[in-house]
Amino acid sequence: WQSAGTTAPLYLAWLIQSAPLFMDETKQGKPEVIKSMMYAFGSGQDTLRGKSAGGVRTSKRFRSVMLSTGESPITSFSHDQGARARCLLLNGEPFGSPSEENRVAADEMKRALMEHHGHMGPLLVQHLIDNRAGWPALRARHAELTLGLVSGLKSAMSMRLMEHVAVIQLAAELLHQLGLPGSSDDAIDALVRAVSRGEPDSDQPRQAAQQ
């Protein structure tokens, strides 16, 4: 986030393509850069720029997701509705209030991740590459999951954000099919609750109407 502009992060996104992009510590970045990145990254391409000899350079395109951390929500850098609709916010303490029990749980998770991380991701990517014929079925499943998540919702903002949650839910289903043990139900429930908690702050038109 300490880049002087959006060019470097967008070039990095193009370089790594579908791999996630991690941008840590929003408080170290320039607000105008973070605001611009919320839009630019969501568009999936670099900004249009001219050539010194005339004409327009070919935009670098990518398909990826960005994970950002910081003490302030990334949406606090922009009041634009479109930018906020691109972000899933997870707030609060992941292991609950500070206690010895929660500290031990956090340490155990850290040790497990350091020992076992990096196995399922490549397996999932290879599975998708080897099964291109099944992509239409995955798109249909994503639409089905989205419909299930938005059932009963009234806010357009929440409905739009649930499309992102459905992507994560679909990835979890594929990972379980490939052998990942356990259940992802709690994680998906946490994401749904996060969308519900963040809705009042994200829905700027509703806030304006209520005030």
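**Questions about helices, burial and salt bridges**

Colleague: How do you know that the length of H4 agrees with its number of residues?

Modeller: At 1.5 Å a residue, the 17 residues of H4 should span 24 Å, and the end C-alpha atoms are 24 Å apart, so the two agree. The expected span is 1.5 Å times one less than the number of residues. This is a predicted model, in which local features need pLDDT of at least 70 and side-chain atom pairs count only at pLDDT 80 or more, while totals for chains, interfaces and linings use all residues. Residues are numbered from 1 along each chain as its sequence is written, and side-chain values use heavy atoms, with hydrogens and water left out.

Colleague: What makes a stretch of the chain a helix or a strand?

Modeller: Both are DSSP runs, numbered from the N terminus: helices are H or I with at least four residues, strands are E with at least two. The protein chain has nine helices and two strands. From the N terminus on, their order is α-β-α-β-α-α-α-α-α-α-α.

Colleague: What follows H4?

Modeller: Glycine 118 follows H4, and its phi is positive, near 95 degrees.

Colleague: Why is the contact between arginine 103 and glutamate 100 called a salt bridge?

Modeller: A salt bridge needs a side-chain nitrogen of Lys or Arg within 4 Å of a carboxyl oxygen of Asp or Glu. Here the N to O distance is 2.6 Å, so the pair meets the definition. Both residues lie in helix H4 (residues 100-116), three residues apart, about one turn of the helix. Side chains of opposite charge can pair when their charged atoms come close.

Colleague: What makes Glu100, Arg103 and Asp107 a network?

Modeller: The three are linked by salt bridges. Arginine 103 also meets aspartate 107, at 2.7 Å from N to O. Those two are four residues apart in H4, again about one turn of the helix.

Colleague: Are arginine 103 and aspartate 107 buried, partly exposed or exposed, and how do you know?

Modeller: Buried means under 20% relative accessible area, exposed means over 50%, and partly exposed lies in between (1.4 Å probe, protein chains only). Arginine 103 has 42%, so it is partly exposed. Aspartate 107 has 29%, so it is partly exposed too.

Colleague: How many salt bridges does the whole structure have?

Modeller: A search finds four. One of them joins arginine 141 and glutamate 144, at 3.2 Å from N to O. These two residues lie in helix H6, three residues apart.

Colleague: How do you know that the buried residues of H6 line one face?

Modeller: In H6, Leu145, Thr146, Leu149 and Val150 are buried. Seen down the axis, the buried residues fall within an arc of 125 degrees, so they line one face of the helix. The arc is that of the directions from the helix axis to the C-beta atoms. The face turned away from the buried side carries the exposed residues Pro136, Ala137, Leu147 and Gly148.

Colleague: What makes a set of residues a nonpolar core?

Modeller: The members are buried Ala, Val, Leu, Ile, Met, Phe, Trp, Tyr and Cys residues, joined through side-chain atoms within 4.5 Å. The largest such core has 13 residues, and Leu149, Met162, Val165 and Val195 have the most contacts inside it. H6, helix H7 (156-177) and helix H8 (185-202) each supply at least two residues of this core. H7 gives the most, with six residues.

Colleague: Why is alanine 166 called buried?

Modeller: Its relative accessibility is 0%, so alanine 166 counts as buried. Alanine 166 lies in H7. Of the 211 residues of the protein chain, 26% count as buried.

Colleague: Why is leucine 15 called exposed?

Modeller: Leucine 15 has a relative accessible area of 53%, and therefore counts as exposed. It is found in helix H1 (residues 7-16).

Colleague: What makes Tyr11, Leu12 and Leu15 a patch?

Modeller: A patch takes residues with over 30% relative accessible area and no salt bridge; like charges are joined within 9 Å, and nonpolar side chains (Val, Leu, Ile, Met, Phe, Trp, Tyr) within 5 Å. Tyr11, Leu12 and Leu15 form a nonpolar one on the surface, with about 290 Å² of accessible area together. Such areas come from the Shrake-Rupley method with a 1.4 Å probe, and for residues only the protein chains shown count as cover.

Colleague: How far apart are arginine 61 and tyrosine 11?

Modeller: They are 50 residues apart in sequence and 9.2 Å apart in space, C-alpha to C-alpha. Arginine 61 has a relative accessible area of 57%, so it is exposed.
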